[in-house]
Amino acid sequence: MIVFKNANVFDGENEEIIKNAAVVVNDGIISDIIPQCGIDFKDAQVVDLKGKYLLPGFIDCHVHFMLDEVPDKNRQMNDQSAGGVLFENADSYVAFRAVENARKTLEAGFTTVVDGGGVDYVDVALRDAIKLGYVTGPDYYISGKQITAWPSHFRGLGKETFGPWGMRNMVREQLYWGVDQIKIENSAPIRSVGRSLAKSAFTLEEMTAAVDEAHSAGLKVSVHARGEMPVETAVKAGADIICHGTGMTEKSIEMILERGLYVLPTLASPNPEPDENILNAKSKRVIELLKQTGEIQWESIRKAYKAKVKMALSTDSGGVGINHGENAREMLRMKKIGMTNIECIKAATSEAAKAMGFSDRGRIKKGYRADIVVLNGNPMVDLESVLNVNSVMKNGIFCK
Ligand SMILES: [Zn+2]
């Protein structure tokens, strides 16, 4: 038995902090929360959290552990030959890098993540390695390969197909690998100069077939959508999660609200004010594209937020300039579009759990998994406290 004593608890839902509480953990489960607790827990491992804040472990609904599109030449060139061609053993390198990314993310307080697309099914192996304890990382949910309509924009990241039966076949291939969700790319990647984001990559017929096939296996469908038409096709087809949601109109927002869908706002993907590392590494044209799309992205998310669309924390880490382990910064970006501190924290805990259909986490609640993050400061008052992680527990075990 582990007891957190004198903890100021944010339970994932209620704005009111439970003061000086004891949170009792037994066999990986939160077994009790006792406010104003004066009990002297003998025979338990007691952790005194005086002055600290205890929250549900954070959840990131969109990462890419296999990717490291961070302009760091020392790291990037290691999987490519001098001519830029990928080495045949690049996947092994990707796997080792993913191990490091998993550890960093967990230590940042993220006890659960959903990967939006892996490389050559390395994510399948990583999920098992984490489960079996070979690798330290968050509880890890995967998409396998993204289903894409044209040649994949990252080697190994996507697999292309077309036609309703092609879609069904591709979903079945992902099922064979035992993925946790289906991810469909319904827009071109931003940084491919000359491609239109406005086109829906798949037709309604194709998308509907994929959704039907995924739902028949009990899996959710998450759709990368960066324009009005890609968003609306996904919604009409019955997809469950809209990823990015760039360029949503009043009509798209209305459709999303009607079906009660979650949007993953990925405000760093792209940020209208690109990081220094992007400015140093990308061409002028690509930087311009990122800026323009970032502006549309933030405007679209602002509109959706005002209309009360449900949102969950999602970084797209590993994508363009987004470092693994800096996932909590997304809460600060969400605040910038107008969300309150509590809304930002809920988006990273209880709302993220709801978006992904997890009923055993995202709260500090009796019977829930003991996924816990301890912060040095009060995030309700100072949201930057989410960057200052004191300790992390996953499933009842201390990881930091
Ligand atoms: Zn992504």
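Select helix 5, residues 204-216, which has 13 residues and reaches 18 Å from its first C-alpha to its last, close to the 18 Å expected at 1.5 Å a residue; the expected span is 1.5 Å times one less than the number of residues. Helices (H or I, at least four residues) and strands (E, at least two) are DSSP runs, numbered from the N terminus. This is a predicted model, in which local features need pLDDT of at least 70, side-chain atom pairs count only at pLDDT 80 or more, and totals for chains, interfaces and linings use all residues. Residues are numbered from 1 along each chain as its sequence is written.

Within helix 5, colour the buried residues, which are Glu206, Met207, Ala209, Ala210, Val211, Glu213 and Ala214. A residue is buried if 20 or more other C-beta atoms, placed from the backbone, lie within 10 Å of its own, exposed if 12 or fewer, and partly exposed in between. Now show the partners against which these buried residues pack, among them strand 9 (146-148), helix 4 (164-176) and helix 6 (228-237), where contact requires C-beta atoms, placed from the backbone, within 7 Å. Just after helix 5, Gly218 takes a positive phi of about 80°.

Next, go to strand 2 (residues 18-26) and pick Asn20, which has a positive phi of about 45° although it is not a glycine, and which counts as partly exposed with 16 C-beta neighbours inside 10 Å. Move on to Asp27, in the loop between strand 2 and strand 3 (29-34), where phi is near 50° and the residue is exposed, with 9 other C-beta atoms within 10 Å.

Finally, select Pro270 in the loop between strand 14 (262-264) and helix 8 (276-281), and look at the peptide bond from Ser269 to Pro270, which is cis, with omega near -5°.

Terms used: Contact = placed C-beta atoms within 7 Å.
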